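Here's a quick tour for anyone getting used to reading protein structures. Have a look at the model below, then work through the notes that follow.

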Amino acid sequence: MNNQVKLTQQIQSMLVTRSLELKARRGEYPGKPPIGYLNNTHTKQIVPDSKTWDTIKEALEKYATGKYTLGWVTLSLNEYLTAIQHCERHPLTKSQTSSILRNPFYVGKFQFRGKTYQGKHKPMISEEIFDKIQNLLKG
């Protein structure tokens, strides 16, 4: 590969990175949203997924009570997701469920390139519930 091609690729990479950072600053998540949300291709907005929103919200809220374990939440989500055929590959693991529980996207924020941004998408849970979940996960 010659130097001109390498330089062109570097410039293109920098432009893509800059574009994604600008999008993040505007509160627009630059990627595929987590389970419970969808990208609306018409409006270019992230919107609640009518198939999974209530189930994910309920799982987050139940875990926050301290009465339900990570294992229970994982099993509960897997039962529902299998029923709606959302999990096409494998059931969720406890690690994946833990990632869902730790994801600030559900309170209206997101992380991109090491920074936290306030998103334009609808929060699923309150900061109070999210904080309770984080404390339980640390526990």
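The second largest pocket has a volume of about 230 Å³. Keep in mind that this is a predicted model.

**The pocket**
- Rolling a probe the size of a water molecule over the atoms shows where empty space is left.
- In the second largest pocket, 13 residues form the lining, and K23, N39, K44, Q45 and I46 are the ones nearest its centre.
- Two elements, β1 (37-40) and β2 (45-48), each give two or more residues to this lining.
- Sorted by class, the lining of the second largest pocket has seven polar, four charged and two nonpolar residues.

**Two packed helices**
- How do α4 and α5 pack? Helix α4 (residues 94-102) meets helix α5 (residues 127-138) at an angle of about 140°, and their axes are 9 Å apart.
- That angle is why α4 and α5 count as oblique to each other.
- On the α4 side you'll see S98, L101 and R102, and they meet F130, I133, Q134 and L137 in α5.
- The contact of α4 with α5 is made up of four nonpolar, two polar and one charged residues.

**Aromatic pairs**
- Searching the whole structure turns up seven aromatic pairs.
- One of them is Y29 with F105: the ring centres are 5.0 Å apart and the planes sit at 70°, so this pair is edge-to-face.
- This pair links distant parts of the chain, 76 residues apart: Y29 is in the loop between α1 (3-25) and β1, while F105 is in the loop between α4 and β3 (109-112).

Conventions. Residues are numbered from 1 along each chain as its sequence is written. This is a predicted model: local features need pLDDT of at least 70, side-chain atom pairs count only at pLDDT 80 or more; totals for chains, interfaces and linings use all residues. Side-chain values use heavy atoms; hydrogens and water are left out. Axes are lines fitted to C-alpha atoms, for helices over the stretch in contact, and angles run from 0 to 180 degrees between N-to-C directions. Helices (H or I, at least four residues) and strands (E, at least two) are DSSP runs, numbered from the N terminus. Angles under 35 degrees count as roughly parallel, over 145 as roughly antiparallel, 65 to 115 as roughly perpendicular and the rest as oblique. Contact means heavy atoms within 4.5 Å. Ala, Val, Leu, Ile, Met, Phe, Trp, Tyr, Cys and Pro count as nonpolar, Asp, Glu, Lys and Arg as charged, and the others, Gly among them, as polar. On a 1 Å grid over the protein atoms alone, a cavity is a set of points where a 1.4 Å probe fits but cannot get out, and a pocket is an open set with protein on both sides within 12 Å along at least five of seven lines; lining residues have an atom within 4 Å of a point. Grid points are joined across faces, edges and corners, and a volume is the space filled by probe spheres set on the points. Rings of Phe, Tyr and Trp (its six-membered ring) pair if their centres lie within 6.5 Å; planes under 30 degrees apart count as stacked, over 60 as edge-to-face and the rest as tilted.
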